Every structure is written in structure tokens, then in C-alpha cells.
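Please find below a few points for a colleague who is opening this model for the first time.

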Amino acid sequence: MGKVTGFLEIDRQVHKYQPASDRIRHFREFTLPMSDKEVEKQAARCMDCGIPFCHGPTGCPIHNQIPDWNDLVYAGDWDNAIRNLHSTNNFPEFTGRICPAPCEEACTLNLEDIPVAIKTVEQAIADKAYETGHIRPYPPEKKTGKRVAIIGSGPAGMAAAQQLGRVGHDVHVYERESRPGGLMRYGIPDFKIEKHYIDRRVEQMRGEGVTFHCGVNVGVDKPVTELLSEYDAVLYCGGSETPRAAAIPGDDLGGVHDAMPYLVQQNRRVGGEPIQSVAWPSHPIIASGQHVVVVGGGDTASDCVGTAFRQGAVRVTQLDIRPQPPEKEDKLSVWPYWATKMRTSSSQAEGAEREFQVATLEFIGEEGQLTGVKCCEVDEKRKPIPGSEFVIRADLAFIAIGFAGPTTAGLVTELDGQIKIVTDSRRSKNVEANDRDYRTSVDKLYAAGDVRRGQSLVVWAIREGRQAARSIDEALMGSSVLPR
């Protein structure tokens, strides 16, 4: 696909960033867009590689037809490129910004560390589609008379809602927060994805007949049994938001917080909303002038780092219990899978001090307030090495070590004894449903996204929402034209 010799003639280029000294002064996105011609050149690097691992199971969970739309962009056919992209992905402007791009890891050119700039091209296609008016409501030609309720408006809930609405079902989305988007709106910082992209998709979906009910906490404000009696099917997309317990002594000190309340609070602040909500009660948490320690090495931890710098933190230290990974992976033993190698996020590149193979032993404080974090080095089995203890000064500490399943307050509590909960390999407790029909143990109730599979990527949530929509449509109508 693309230009057969493109990968030989054209160097890999991706979006550039504003300098760190500039971007930490605001919460807006900081990527510098490329021109159409530059993007077309990057698309031309997608050669006819024989077996395109990029859109296979190792590369793209939603099976984006990457070589096809790269070829269309290379030919300047942007309209058909977005049609092709939309055939597998409802929200390419989301994934083009916040997906870690396992497709690029699986690209054949990654064997030489110069993969096709797939993520850059994907974002460019989606943004171009908005400019040309291609992203507009596509209401169904006729209604089916069936009603479907969706609990949660994150990427899984939104994808399912759009798919079901477009085949003519009357879809109602119930969202606990004041605006749709789930943790994509409230958990992911604006410097990674500005929220007007979510707003535009919500308006498109409303134009397609989807109804959003915000400020409704199903299982608390409205019993789920009412939804099950009022609708022909109910899809639970509540996400995974219960923080994984760290069990670190001193975690009750003032200044020690789980990561998500901190991120949600700042996103609400940027969005012009009150920083407190029923789901996220908290006093103001501000890192200005503070020494900050972030416990954890994943994306959520990195988001805390970037947020702290933008709030004016004096110093940010990130603690990772895992050993420092190699600078480069062994391609022949890893490719086309996601490799463990040294990666530096844009937030970490803004000045974070990273400590690897370090365990957090205790939060230290005076008069109930955090003053430091006691750490030690660990061996390959994550066991403390005697005599390696040290203390890092800290005024604020954020625990970002993952999530242990959906919140139990609400639907799970209401259906206690009826809905089955299963523990996965990470000891997260998720709602049990298979990935074929997404049915739970409760009649007419389906589950998809992080609430079913555990914490994962936005692209996986979109996949599950689309597949659950297909299953629901098939159950209601006897057959379905929706793709799986």
C-alpha cells in the first residue's frame, strides 16, 4: 500500500511538541500539526508489506484497516480515508491522541525502529474530517421500536450508543457526572485531549437520536431494576475506577491522595466546573510550590506528573518498582508485540526525576501532614534490599498503581447476589460477561469495557462497545448489520 518505495525515500516524521518550557504554562494540547502534504508523505511510507501486522490482533484491537487508509491519504482521497477509518473506529480523534499506538509497534518497519507514523496520520484524518464537514449526524432511516439503556458514557458506552442509535434503536445514556465522556473527560488531562472533541461527538450523537441523561447515578439515584423493566436491553459500561489498595503505612496523612481524585479535580477546574462532585468529594489539591512524589509507573502516574508541573510544582519524583527497562528491545524475540523498553512520556520529559526498582515503604509526616516518602531499593523479586533505605522530601504524594474494578456503590451493590463478579489475573474484581455476547448473569443486562475486562486502553473500550452493540442488536432483532 502507499508508495512502494516510500519507506526508502521518505524519513519517518511525527507531530512535534511545543517546548516543555512553554507547554507547562497551560493545559491545552501542545502537538504542532503537520500540513496535509507532510501527512500524505508519511502515509506513503506504508508499503505493501505482505502481512500487515498493524491491524491484526497484535496491533489494533479494533482492526483499523491501516494500509487502506494510508493509501487513500497518500492519494489525497481524504474523504474515503475517513469513511474507511470510521468503518472500524467511531472516534479516531480520541485514539489518534491518546492511544499508545500498538499498531506502530507491530509495523514491519519497526524492525528498523522507523515504523509508519500511523497515529499521526489517524489524528490528521479525523481532524480533516471535521474541517470538511464529514463528521455530522447520520440518523437512521427508520426506527425499530426497541429501547436500549446504556450506563456510563465513556468510550465503550459512547461507541455502543452510536452503533445502536444508527440502526434505529431508541438509545438512552445515563451518566453519573454532569457531562458525558466518563474518565476520558474527567481522568485524562486536557493537555492530552481537549474536551471539545468529546462535545462534538456528543452533539453528533444527539443529532442521530441518542439521548443523554447526565447527573444520574444508576443504582443510587435510579434503581437499575427500573431500567431493566423500562428498556429492552441495558448495557453497563461503568468503567474501572476503584483504586488498587497500596497498603502503604501513613497513607492516611494529609497530602497523600489516590491519583484519580487529583486528576478529576483538575479536569473539572479546567472545564469550568465545581471541583467537587458526589463521586469525587475532595478538598482542593494543588501542587504549586510543592515537592511531589508519584508512586507508579503507568499512564495515570505520568498524567499526575504533567498536571503537577502545570500547577507549578517545584520538584516531581516518580517511583517505579519495576527495574529500568533496556533502551532497545530484542526485535526478533518481541516483534510484533508491545515491547518492554525505556519509554519517556511527554510529561516525564518535562523534568520528572524517575527512580526505578524502588519500593515505597512508608509515608512520613509531622502533625498529620506528609513530609517525606521512605523508600528502598528492591531485588528482581521486588524484595527490599537491606541497607538501601532513603527518604524523599514530599509535600504531596499521589498513588497511581492501577484500578481494582468498578465502583461497588450503585449497580453492583443493588444487584448483589444476582450479578456475578470475577477476579482477573491482576486481582481486579470485574463484572462477569464473555467477549462473544457480553451478557451478564442478569437477564437483559450486558457489560462491556473496563467494567468487564479490567482497566485497559480507550481503543479496547471502543472495541467492546461496538461488539456489545452488535450482540444487543442481534438479540433484539434476530440479526444485525452492525460489524463485529
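1. In this predicted model, helix α14 runs over residues 299-311, and its 13 residues reach 18 Å from the first C-alpha to the last, close to the 18 Å expected at 1.5 Å a residue. Just after α14, Gly312 takes a positive phi of about 100°.

2. Because 12 of the 13 residues of α14 are buried, this helix is largely enclosed by the rest of the structure. The buried residues include Cys304, Val305 and Phe309, and also Asp303 and Arg310; the partners against which the buried residues of α14 pack are α2, α13, β8, β9 and β14.

3. Helix α4 (residues 66-74) and helix α8 (residues 118-131) have axes that come within 11 Å and cross at roughly 65°, and the crossing is left-handed. On the α4 side the contact involves Ile66, Trp69, Asn70 and Val73, which meet Ile118, Val121, Glu122 and Ile125 of α8. By class, this contact has 6 nonpolar, 1 polar and 1 charged residues.

4. Among the 34 salt bridges found in the whole structure, one joins the side chains of Lys331 and Asp113 at 2.7 Å, N to O. The two residues are 218 residues apart, with Lys331 in helix α15 and Asp113 in the loop between α7 and α8. Lys331 is buried, with a relative accessible area of 8%, whereas Asp113 is partly exposed at 32%.

5. Lys331 also forms a salt bridge with Glu329, their closest N and O atoms being 2.8 Å apart, and Glu329 is buried. Lys331, Asp113 and Glu329 belong to a network of salt bridges that also links Glu105, Lys328, Lys341 and Arg343.

Definitions and conventions. Residues numbered from 1 in each chain as written. Predicted model: local features only at pLDDT ≥ 70, side-chain atom pairs only at ≥ 80, totals over all residues. Heavy atoms only, no water. Helix = DSSP H or I, 4+ residues; strand = E, 2+ residues; numbered from the N terminus. Expected span 1.5 Å × (residues − 1). Buried < 20%, exposed > 50% of the residue type's maximum accessible area, 1.4 Å probe, protein only. Contact = heavy atoms within 4.5 Å. Axes fitted to C-alpha atoms, helices over the stretch in contact; angles between N-to-C directions. Left-handed = near helix turned anticlockwise from the far one by under 90°. Nonpolar A, V, L, I, M, F, W, Y, C, P; charged D, E, K, R; others polar. Salt bridge = Lys/Arg side-chain N within 4 Å of Asp/Glu carboxyl O.
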